[in-house]
Each structure stands twice: as C-alpha cells, then as structure tokens.
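Colleague: I would like to go through this model feature by feature. Please give the general idea each time, and then the case at hand.

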Amino acid sequence: MSKIFVTGANGFVGSWLSKGLADRGNNVIAGSREPIAQNCLTGGVENGVYGDLRRKTDWKRHLLGIDTLVHSAGFVHKREPLSDSEREDAKVIN
C-alpha cells in the first residue's frame with residue numbers, strides 16, 4: 001500500500017483521483033488550502049492542509065513518509081487575459 005499526497009484534492013479532478021486511489025487500497029492524504037469536510041472524505045483518505053500555494057509552504061513537513069505526490073491543484077477557470085499578478089499566481093501554483 002502506497003502513501004500518496006494529492007494537492008488540489010477538494011477540486012473536481014483531485015477529489016475523484018483521491019477517492020479512486022483510496023479505493024485501490026492506497027493511503028491518501030487529501031491536500032488542500034483548507035480542511036476538507038469529513039463527510040467528503042472516503043475511507044483511506046485524510047486531510048492534509050497546506051494553505052495557499054502562492055505563499056511559502058513547508059513541503060518537508062507535508063511530504064514526510066509520502067511515496068508519491070500528485071499535483072492536481074491549479075490556477076484555472078479564467079478565460080480573459082490575465083493580469084500581471086494573476087499570471088504570476090498561475091506560474092507559482094501550476
């Protein structure tokens with residue numbers, strides 16, 4: 001059984017990925033900016049709050065004992081031209 005950390009686990013892709021990995025017997029850490037409601041977590045999935053990815057994050061603390069990291073967090077859903085600060089956020093997060 002692998003221990004897998006999924007960023008963006010409260011999003012569409014991350015939530016389904018976390019569930020699918022847990023259903024296959026993996027221990028999944030559902031990473032997100034804020035805690036995910038317990039009723040949204042399935043068996044084998046636990047919260048892994050890392051805060052805002054635009055700020056410095058202590059990844060050593062979050063990834064200790066992790067076998068695999070899946071980065072599904074992203075800056076998305078904006079179609080018009082990005083401002084300079086939004087472009088920088090997209091670069092840092094994605």
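Colleague: Which residue forms a salt bridge with Asp52, and how far apart are the closest N and O atoms?

Modeller: A salt bridge is counted when a side-chain nitrogen of Lys or Arg lies within 4 Å of a carboxyl oxygen of Asp or Glu. Here the partner of Asp52 is Arg55, with the closest N and O atoms 2.9 Å apart. Before going on, note that this is a predicted model, in which local features need pLDDT of at least 70 and side-chain atom pairs count only at pLDDT 80 or more, while totals for chains, interfaces and linings use all residues. Residues are numbered from 1 along each chain as its sequence is written, and side-chain values use heavy atoms, with hydrogens and water left out.

Colleague: Are Asp52 and Arg55 buried or exposed?

Modeller: Buried means under 20% relative accessible area, exposed means over 50%, and partly exposed is in between (1.4 Å probe, protein chains only). Asp52, at 17%, is buried, whereas Arg55, at 55%, counts as exposed.

Colleague: How many salt bridges does a search of the whole structure find?

Modeller: The search finds three. Asp23 pairs with Lys19, the closest N and O atoms being 2.8 Å apart. Arg87 pairs with Asp84 at 2.7 Å, N to O.

Colleague: Where do those two pairs lie in the secondary structure?

Modeller: Helices (H or I, at least four residues) and strands (E, at least two) are DSSP runs, numbered from the N terminus. Asp23 and Lys19 both lie in helix H1, four residues apart, about one turn of the helix. Arg87 and Asp84 are both in helix H3, residues 84-93, and are three residues apart, again about one turn. As for accessibility, Asp23 is exposed at 52% and Lys19 partly exposed at 31%.

Colleague: Which residues make up the largest nonpolar core?

Modeller: A nonpolar core is a set of buried Ala, Val, Leu, Ile, Met, Phe, Trp, Tyr and Cys residues joined through side-chain atoms within 4.5 Å. The largest one has ten: Ile4, Val6, Ala9, Leu21, Ala22, Val28, Ala30, Ile36, Leu41 and Val45. A second, separate core has seven residues, including Ile29, Ile66, Ala73 and Ile93.

Colleague: What does Val6 touch, leaving aside its neighbours within four places in sequence?

Modeller: Contact means heavy atoms within 4.5 Å. Val6 is in strand E1 and is buried, with a relative accessible area of 0%. Among its contacts are Gly14, Leu17, Ser18 and Leu21, together with Val28, Ile29, Ala30 and Val70. Ala22, another residue of the largest core, touches Val28, Thr42, Gly43, Gly44 and Val45, not counting residues up to four places away. Across the protein, residues 24 or more positions apart account for 41% of the contacts with a separation of 6 or more.

Colleague: What is the volume of the largest pocket, and which residues lie nearest its centre?

Modeller: Rolling a probe the size of a water molecule over the atoms shows where empty space is left. On a 1 Å grid over the protein atoms alone, a cavity is a set of points where a 1.4 Å probe fits but cannot get out; a pocket is an open set with protein on both sides within 12 Å along at least five of seven lines, and lining residues have an atom within 4 Å of a point. Grid points are joined across faces, edges and corners, and a volume is the space filled by probe spheres set on the points. The largest pocket has a volume of about 420 Å³. Of its 19 lining residues, Gly8, Arg33, Ala73, Gly74 and Phe75 lie nearest the centre. H1 gives the most to this lining, with three residues.

Colleague: Which residues line the second largest pocket?

Modeller: They include Trp16, Lys19, Cys40 and Thr42, as well as Ala9, Ala30, Ile36, Leu41 and Val45. The volume of this second pocket is about 180 Å³, and H1 gives the most to its lining, with four residues.
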